[in-house]
Amino acid sequence: MVSNKFKLGKNSKELFISQDNAPLFASQKIRMAGVTHVCDEYLCSRKSPDHHTLLFTLSGNATVESEGQIISLTASSMVLLKHDVDFVYYKTDSHWDFVWFILEPTSNWAGMNSLPLSLGKGHYNDNLKYMLHLLTLDVPFETRKILNQDIHRYIQKSIVQFDAPDIEGQLERLFLEVDQQLHFPWTTQVMAKKLHISEPTLHRLCKNIYQQSPKQKVIELRIKRAQFLLLNTHWPLAVIAEQVGYKDGFGLSKMCKKVLGVSPESLRLMAEQ
């Protein structure tokens, strides 16, 4: 019989991120998140929980029991513990490091109860840990919003392979690849070839799903990454430009002004004020 229990050993550590740290959590219906390092006793069980829980394992091993299944959690694994479904999970190795999110069972996360318990391999587990840690630091409000948006996007992308129609899922995976290789000279022709569709078809699909052309979507990803690097590093403009796919600082500066309405230099100055 499952009951509500929680045990955390005295040598283990847990970092909590609340809606106070993350300004968009409330509207995104993320109740709370955290990064946990377990090196001794750990157990969490819930009977008929009033929320969804996502677990992203970073390293070590643990076990989850729910829905009549027993699943081993290893590095890069993801599991979804659903609203109103009993569960228990516990450490089964010398250590277990993981990231977790508590999601409200609202329309923002519709369809979660139809997804499988195991969501396979997570591609963003370490990214999520890094961004959650940044949210606990004294960073500008706009930076918090960017981090918050990226966290939400990574969570959605983690479940999109199960939750989206096939073509939408293929598009998500395509732009994930773009996001991971922004330095590559992406063209509509190259992206269409990857999906084995024509350029007009790719353009129509992007317009329907993102309300953007493929080129505009790539620009959005590049400028979002550039904005993050401008606000959180002291890298020269030329280095950031190269990282996100522009030949030089002039090209990046021109696009920043067009998309954001300000130059990279002005963006940094505003963040420092």
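Which backbone nitrogen does the side chain of His 52 reach? I looked this up first, and I found that the side chain of His 52 reaches the backbone nitrogen of His 83 at 3.1 Å, where a polar contact is a pair of N or O atoms within 3.5 Å, one able to donate a hydrogen and the other to accept it within protein, and with residues adjacent in sequence counted only if both atoms are side-chain atoms.

Before going on, I noted that this is a predicted model, in which local features need pLDDT of at least 70 and side-chain atom pairs count only at pLDDT 80 or more, while totals for chains, interfaces and linings use all residues. Residues are numbered from 1 along each chain as its sequence is written, and side-chain values use heavy atoms, with hydrogens and water left out.

**Entry on His 52.** I placed His 52 in strand β5, residues 52–66 (strands are DSSP runs of E of at least two residues and helices are runs of H or I of at least four, numbered from the N terminus). His 52 is buried, with a relative accessible area of 3% (buried means under 20%, exposed over 50%, partly exposed in between, with a 1.4 Å probe and protein chains only). Leaving aside neighbours within four places in sequence, I listed the contacts of His 52 (heavy atoms within 4.5 Å), among them Leu 81, His 83, Phe 101, Trp 109 and Met 112.

Most residues other than glycine have a negative phi. I therefore noted Glu 67, which is partly exposed at 35% relative accessible area, and found that Glu 67 has a positive phi of about 55 degrees although it is not a glycine. Glu 67 lies in the loop between β5 and β6 (69–73). Asp 84 has a positive phi of about 70 degrees, again without being a glycine, and Asp 84 sits in the loop between β7 (77–81) and β8 (87–103). At 48% relative accessibility, I recorded Asp 84 as partly exposed.

**Entry on the annotated span.** The unreviewed UniProt entry gives "domain: HTH araC/xylS-type" for residues 172–270, in the numbering used here, with a shortened feature name, and such annotations may be inferred rather than shown by experiment. I read that residues 172–270 are 76% helix and 0% strand, and that the end C-alpha atoms of the span lie 33 Å apart.
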